[in-house]
Every structure is written in structure tokens, then in C-alpha cells.
Amino acid sequence: PFQRPEVPEPVTRQRPVFTQPLQNIDSIAEGTTAHFECRLIPVGDPTLKVEWFRNEKPLETSSRITKTHDFGFVSLDLTHVRSEDEGVYMCRASNALGEAVTTASMKIKTKADIQLDTLHQEGMRKIQQLESRAPTREDEPERTFDKPIFTQLLTGPSELWEGQHAHFECRVVPVGDPTLRFEWYVNGVELKMGSRFRTTHDFGFVTLDIMSTVQEDSGVYMCKAINRAGEAVSSASLKVKAKSTIMGEP
């Protein structure tokens, strides 16, 4: 709270003088409280009149506005500021011997301005991050990976009835090598992916799924893992039996 300074009662009256002028409010967020203050002499002059103006018009009385003039301390508080509150504020002090004025401007930052600023700042931050990363990437040596190794060999069903679903899986390192790729073969011929064939490669876990198998799917399936350092293969065989043989078998 403001402490009143110990000022002796003036013996003679004088014309008003602002010993501390108003300060500009360069940017205040919409919806917050604006506070102007200044200091004035003579202190204790009962005839001293203090008036407030915005854009040279007397400041209207409002529940949002609180004016204070107490022992040389003059203030104006404006709550829930909005765009129409923007402008030049003037405090005028007058008595029988003369008058004095002090002015200050206030600029309101609307919510739309704040959002734009936030987007701009976020955009600038991302640009700075990219710029700061760029040189380090050039300086860092490119990471090298060893040739592929199957840590879990290809496994799958050895026999299925026609129409059943075949699932093969294996595990491969190195994990995280962006150049690592996979090729699938059946009986030495590269497998053509279609609606019945699906493959996945996720963090070293590799799968092949064959939907609704037919007899022609029988054969030796081979997974080939390839990167810049070399390649590795793993195989598994599958036999698909025709449904017509079910009744014929003992």
C-alpha cells in the first residue's frame, strides 16, 4: 500500500507542478487492468482540481474507472480494458494560480493480436531451432550401421489347409537404420505384393501375412534384409494342402 510521505504543510500556495509525469503503457492485454499514476504539488491545497481526459475529451464516469488523488499522489485505474480504451490520456491539475498537464498513451493488445504474436513467436522459435540444428548436422559424422543380422530366424506354419491364414515373422538388427530394407522371395522368385500379401517392418520386427492361402502358395519363403553394409537372409517352408484331400487321407 502507498505510504504517505511526511511533507510539511505548505505556507504559501503555488501553481500546480507534476513532479512525476504519467508513463506510457505501450502494450497491455485486452481484459486486464491499466494503471496510470503521477505525483503533483502543491500538496494539501484544498482548491486543487484534478481532471482526466482521453483523446482530449473528459473521461466518462464508469464502474470500470477508479480515480485517486491523495496527498500529491494521483492515479487512474481502468479495469477490463478493451480496444476502445486505447488513446492518449491526460491528467490536468488546476488551481487559482494556474494549471499543469501530463499525458501518456495506452495501446491495447487484443486477443487476436496476442494469437498472431504467439504464432509468430512459435514460428520464429521453430526457424531458430532449425537454423541452430543445421550447422551441427553438417559437423556430425554420418552414423554408420553394421550389416543386417537375424536375431530371430524366420518362423511360420509348415503346413496349412487351403484357405487358412499364414503368418511369418522374424527379428533383425540393426534397429534404426534408415537404409535397411526387406525383400521377400518364394522359391527364389521375388514375391509380388497384392491384396492377399501384407508385410510389415517395425523397429526390427518383420512380418509377412498371406490371407486365404491356396495350394500355389506352397514353397520356400525367404526374407532378405539389405543395408549399405551388406545383407542377410532367412528362410522357412510352407505346404498348403487342398481341402479335397481331407476326405481322401486315412
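Predicted model: local features only at pLDDT ≥ 70, side-chain atom pairs only at ≥ 80, totals over all residues.
Reader: Which residues line the largest pocket?

Author: Glu142, Arg143, Thr144, Phe145, Asp177, Pro178, Thr179, Asn227, Arg228 and Ala229 line the largest pocket. A pocket is an open set of points on a 1 Å grid over the protein atoms alone, where a 1.4 Å probe fits, with protein on both sides within 12 Å along at least five of seven lines; lining residues have an atom within 4 Å of a point.

Reader: OK. What does the secondary structure come to?

Author: The chain has two helices and 18 strands. These are DSSP runs numbered from the N terminus: helices are H or I with at least four residues, strands are E with at least two.

Reader: And how much of the chain is buried?

Author: Of its 250 residues, 33% count as buried. Buried is under 20% relative accessible area, exposed is over 50%, and partly exposed is in between, with a 1.4 Å probe and protein chains only.

Reader: Switching to charges. How many salt bridges are there?

Author: The whole structure holds 10 salt bridges, each being a side-chain nitrogen of Lys or Arg within 4 Å of a carboxyl oxygen of Asp or Glu.

Reader: Which residue does Asp85 pair with?

Author: Asp85 forms a salt bridge with Arg64, and their closest N and O atoms are 3.0 Å apart. The two are 21 residues apart: Asp85 is in the loop between strand S7 (73-78) and strand S8 (87-95), and Arg64 is in the loop between strand S5 (57-58) and strand S6 (65-70).

Reader: Are those two buried or exposed?

Author: Both Asp85 and Arg64 are buried. They also belong to a network of salt bridges that links Arg54, Glu60, Arg64 and Asp85.

Reader: What about Asp217?

Author: Asp217 forms a salt bridge with Arg196, with the closest N and O atoms 2.9 Å apart. Asp217 is in the loop between strand S16 (205-210) and strand S17 (219-227), and Arg196 is in the loop between strand S14 (189-190) and strand S15 (197-202), so the pair ties together parts that are 21 residues apart in sequence.

Reader: Why does Asp217 count as buried?

Author: Because its relative accessibility is 5%. Arg196, at 25%, counts as partly exposed.

Reader: And Glu84?

Author: Glu84 forms a salt bridge with Arg82, the closest N and O atoms being 2.9 Å apart. Glu84 is partly exposed at 49% relative accessible area, and Arg82 is partly exposed at 37%.

Reader: New topic: where is Glu183?

Author: Glu183 is in strand S13, residues 181-186. It is buried, with a relative accessible area of 15%.

Reader: Which residues does Glu183 touch?

Author: Leaving out residues up to four places away in sequence, Glu183 touches Glu190, Met222, Cys223, Lys224 and Ile226. Contact means heavy atoms within 4.5 Å.

Technical notes. Residues numbered from 1 in each chain as written. Heavy atoms only, no water.
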